[in-house]
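Please go through the points below with the model open beside you.

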Amino acid sequence: MAHPLQLGFQDAMSPIMEELLHFHDHTLMIVFMISAMVLYIIMLMMTTKLTYTNTMNAQEVEMIWTILPAIVLITIALPSLRVLYLMDEINNPHLTIKAIGHQWYWTYEYTDYDNLEFDSYMIPTQDLPNGYFRLLEVDHRMMMPMESPIRMLISAEDVLHSWAVPSLGVKTDAVPGRLNQTTFIVTRPGVFYGQCSEICGANHSFMPIVVESLPLQHFENWSTMSS
Amino acid sequence: MADSIQAKLDNYKTASFDSRFPNQNQTRNCWQNYLDFHRCEKAMAAKGADTTCCQWYRRVYTSHLLGLG
């Protein structure tokens, strides 16, 4: 989950999020280097007594400051396209979970075998035990097995919502009448938090998402007990 | 033939990748399999044949369908 004064992304819990983190670091480094160079040149320009007012043409420097930015852009585009295509890879999922947005809670359905379905409401602050995360905890978490490709189908019953979990690198809009598919793999067991990411009315900020990933055996025990 | 269909049904984990629906919007996938299930049932019943093979479509659309619980 996010922590106070956080600047960067949350820790990556899926391979795609790791790729996104590395791509972001690469691109941000390029941005910092360009900014530093520009600021340095501005400082040099403003602190010199030398002047030359007869410049007519500058063929050589024009070549340099056209070719070099083109190379920089290609250096950004190639990793970007790589991550884009990685996100689109066909992975045959082991499990399908449906997340349906309502005003103002989520419903999770696991219908591959038995019809397991439950609602997930935020725990109001007055009912929150000590030490739990305010506005992030829910009564029933979405459980899933770790290290398995999961397909999620996201939809909504009333208005637009969006199912987002930053540490998994997932954000998918929940559109009424439409099934939006996203796939991911969670590499570690743990509890991951997210919040509804499309304005949906008065309690838009109060319908969080909590994903709990477990080893397969424990997940199977949970789903057998819950069905 | 019937054995392998039963084996496939027993080994069903979840709906696999369908290249007719490669993109994010899977609404049509659910609808198509629902249609195929009912058509299969109707056709097999009309011929008087075993409708077990139609269960595959039912499993696939059930994996996709909302509001089943």
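1. The largest nonpolar core has 32 residues, and those that touch the most other members are A:Trp106, A:Tyr108, A:Tyr110, A:Met142, A:Met152 and A:Trp163. A nonpolar core here is a set of buried Ala, Val, Leu, Ile, Met, Phe, Trp, Tyr and Cys residues joined through side-chain atoms within 4.5 Å. Buried means under 20% relative accessible area, exposed over 50%, and partly exposed in between, with a 1.4 Å probe and protein chains only. Strand β5(A) gives the most to this core, 4 residues; strands are DSSP runs (E, at least two residues), numbered from the N terminus.

2. This is a predicted model, in which local features need pLDDT of at least 70 and side-chain atom pairs count only at pLDDT 80 or more, while totals for chains, interfaces and linings use all residues. Residues are numbered from 1 along each chain as its sequence is written, chains are lettered from A and ligands numbered from 1 in the order in which they are written, and side-chain values use heavy atoms, with hydrogens and water left out.

3. A second, separate core has 5 residues, among them B:Cys40, B:Met44, B:Cys54 and B:Tyr61. In soluble globular proteins, nonpolar side chains tend to be buried together.

4. What does A:Met152 contact, leaving aside neighbours within four places in sequence? The partners are A:Ile97, A:Ala99, A:Met142, A:Trp163, A:Asn180, A:Gln181, A:Thr182 and A:Phe184, where contact means heavy atoms within 4.5 Å.

5. A:Ile97 lies in strand β1 of chain A. This residue counts as buried because its relative accessibility is 0%. Not counting residues up to four places away in sequence, A:Ile97 touches A:Glu109, A:Tyr110 and A:Ile150, among others.

6. Between the chains, 23 residues of chain A are in contact with 21 residues of chain B. Together the two chains bury about 1900 Å², 48% of it on carbon and sulfur atoms; buried area is the accessible area (1.4 Å probe) that two parts lose on being put together, summed over both. A:Asp112, A:Leu179 and A:Gln181 supply 26% of the area that chain A buries against chain B, more than any other three residues.

7. On the side of chain A that touches chain B, the elements giving two or more residues are β1 (95-102), β5 (149-156) and β8 (180-185) of chain A. The largest share, 4 residues, comes from β1(A).
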